[in-house]
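Hi,

Here is the structure I said I'd send over. Have a look at it first, and then read on for what turned up in it.

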Amino acid sequence: MQAKNAAAHTFRRVDLFRPRARRQRGLAAAPVKAFHSDRHALALPPGHTFPQSKYRRLRQLVAAWDDLDASEAEPASDAQLGLAHTPDYVRAVAGNGLSAAEQRAIGFPWSETMVERSRRSVGATIEAARA
């Protein structure tokens, strides 16, 4: 059932990315900046709530848009993560020090890829806010 739903996902371009629509709204016609981290896909079991392939497919779809400037996100630093988490928690996540219960709460098993993807996901949010 899950795979069927995942295959049914389609992505469509929203008006905000069309230069004419942006001009009509008084927005700059410069490309919209977007950031991705799909290169760091997690190895998850089939039917998982977050099918990783959708992120790569979305990036591939929008890569050809000339009015979208997409680039890979830089990873968030420990200092940036420390603005929302305790230093002990940041160290535990980075160094595989999470308990089984903490890993279940996150929803992903620990791996170096999970750490890198998480850092880049936060980094993407920071870069988008600064863009």
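Predicted model: local features only at pLDDT ≥ 70, side-chain atom pairs only at ≥ 80, totals over all residues.

Just after α5 comes Asn 96, with a positive phi of about 60°. Asn 96 does this although it is not a glycine. Why point that out? Most residues other than glycine have a negative phi. Asn 96 is found in the loop between α5 and α6, and it counts as partly exposed because its relative accessibility is 41%.

Now the overall picture. The protein has 7 helices and 2 strands. If you walk along the sequence, they come in the pattern α-α-β-α-β-α-α-α-α. There are 131 residues, and 24% of them count as buried. Take the contacts with a separation of 6 or more: 70% of those are between residues 24 or more positions apart.

Back to α5, which covers residues 87–94. Which of its residues are buried? Val 90, Ala 92 and Val 93 are. Looking down the axis of α5, you would find its buried residues within an arc of 160°, so they line one face of the helix. Pro 87, Asp 88 and Arg 91 are on the other side of α5, and they are exposed. As for what covers the buried residues of α5, that includes α4 (78–81) and α7.

Two packed helices are described by the angle between their axes and the distance between the axes. For α5 and α7 (residues 112–130), the axes come within 9 Å and cross at roughly 130°. The two helices are therefore oblique to each other. On the α5 side, the residues that meet α7 are Val 90, Val 93 and Ala 94, and their partners in α7 are Met 114, Val 115 and Arg 119. Sorted by class, this contact has 5 nonpolar residues, 1 charged residue and no polar ones.

Is Met 114 buried or exposed? With a relative accessibility of 3%, it counts as buried, because the cut-off for that is under 20%. Beyond its neighbours within four places in sequence, Met 114 is in contact with Leu 42, Val 93, Phe 108 and Pro 109. Met 114 and Val 93 are 21 residues apart in sequence, while their C-alpha atoms are 9.2 Å apart in space.

Once neighbours within four places in sequence are set aside, the contacts of Gln 103 are Asn 96, Leu 98, Phe 108, Pro 109 and Trp 110. What does the side chain of Gln 103 reach? It reaches the backbone nitrogen of Trp 110, at 3.0 Å.

Val 32 is in β1 (residues 32–36), and Asp 69 is in β2 (residues 68–72). These two residues are 37 places apart in sequence, yet 5.8 Å apart from C-alpha to C-alpha. Asp 69 and Pro 31 are 38 residues apart in sequence, with 5.7 Å between their C-alpha atoms. Leaving out residues within four places in sequence, Asp 69 is in contact with Pro 31, Val 32, Lys 33 and Ala 34. Val 32 counts as buried, at 18% relative accessibility, whereas Asp 69 counts as partly exposed, at 36%.

Last stop: Asp 38, in the loop between β1 and α3 (53–62). At 14% relative accessibility, Asp 38 counts as buried. Its side chain makes a polar contact of 3.0 Å with the side chain of His 36, and another polar contact, of 2.7 Å, joins the side chains of Asp 38 and Arg 59. Not counting residues up to four places away in sequence, Asp 38 touches Tyr 55, Arg 56 and Arg 59.

Cheers

Note on methods: Residues numbered from 1 in each chain as written. Heavy atoms only, no water. Axes fitted to C-alpha atoms, helices over the stretch in contact; angles between N-to-C directions. Helix = DSSP H or I, 4+ residues; strand = E, 2+ residues; numbered from the N terminus. Parallel < 35°, antiparallel > 145°, perpendicular 65-115°, else oblique. Contact = heavy atoms within 4.5 Å. Nonpolar A, V, L, I, M, F, W, Y, C, P; charged D, E, K, R; others polar. Buried < 20%, exposed > 50% of the residue type's maximum accessible area, 1.4 Å probe, protein only. Arc of directions from axis to C-beta. Polar contact = N/O pair within 3.5 Å; in protein donor to acceptor, adjacent residues only side chain to side chain.
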